[in-house]
Amino acid sequence: MISNDQFSDFASTIRSHTLEQLYLQDHLKIGQSGHLSSYYAPFEAINSMAQVIFVGICPGKAQWQHAIEVAKTGLESNIPPATLLQKIKAESAFRGPMRRNIVQMLDYVGLQHKLGIETSQQLFEKNQHLLHSTSALRHCILNKGQNYNGSTPNMLRNEFLQQHIHSFLIPEIQQLSSSAVYIPMGLSVAQVLHYLSSLGYLNEGQILDGFPHPSGANSERIQYFLGQKTPAQLSKTTNAYKIDQEKINLSNKIRNLEFK
């Protein structure tokens, strides 16, 4: 399902300004609260048939700019809005080392078997219909002009950010399958999903939190999660017991999954 109401509002602005004007001026600004500002990102495409939902914090500045560039090129080529929004979303999927880490961890806990596919890599290839990527905050959020990090301020304690969750993420979840599983990228996103569970929009079994963040900067935790390092090989900053417990909880949740 595609919701392109906002895209229709911003399409003429994107078409009539240069990329530099769109990036550096406030033509796409949709909100401001203190040091926080939000900028329209064309990520309305929703794959309502998806069974696996990746949830990040919000589009970063680089991802936002790339999406605007794709949108502008598509508009100038007269690509239909629904098709263009799907293209933008597909091109924003995790790439490079992050994608490889995600695939390795999902396969390690056996999610691919529950989905009936050979490997989770196929979520990015021939089985893309099973995957939907989104963010706790749909639009690009900057804090003092820099990428919002998900924790300062807390998404659930800041009225401006919480309103984004209620205005965009909740309606999006309501369009997705009730059997879909949600994989949060980081602790702050997991907290948002558990908050939505407390409100009745998700159940706890749908939230597969506990995976180390797939960023390449988190390689030690990922290697331990995958059994590639022993506790004795870890630095003092990596808590082996915590990762072990989270992996047990994940395995139990996946064992009980039943996709419709």
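Are Phe 211 and Phe 225 buried or exposed? Both are buried (under 20% relative accessible area; exposed is over 50%, partly exposed in between, with a 1.4 Å probe and protein chains only).

1. Before we dig in: this is a predicted model, where local features need pLDDT of at least 70, side-chain atom pairs count only at pLDDT 80 or more, and totals for chains, interfaces and linings use all residues. Residues are numbered from 1 along each chain as its sequence is written, and side-chain values use heavy atoms, with hydrogens and water left out.

2. Now the rings. Phe and Tyr rings, and the six-membered ring of Trp, pair if their centres lie within 6.5 Å; planes under 30 degrees apart are stacked, over 60 edge-to-face, the rest tilted. Phe 211 and Phe 225 have centres 5.7 Å apart and planes at 50 degrees, so they are a tilted pair.

3. Phe 225 also has Tyr 108 as a ring partner, with centres 5.9 Å apart and planes at 55 degrees, so this pair is tilted. Tyr 108 sits in helix H5 and Phe 225 in helix H9, 117 residues apart (helices are DSSP runs of H or I, at least four residues; strands are runs of E, at least two; both are numbered from the N terminus). Tyr 108 is partly exposed at 41% relative accessibility, while Phe 225 comes out at 0%.

4. Elsewhere, Tyr 23, Tyr 39 and Trp 64 make up one aromatic cluster.
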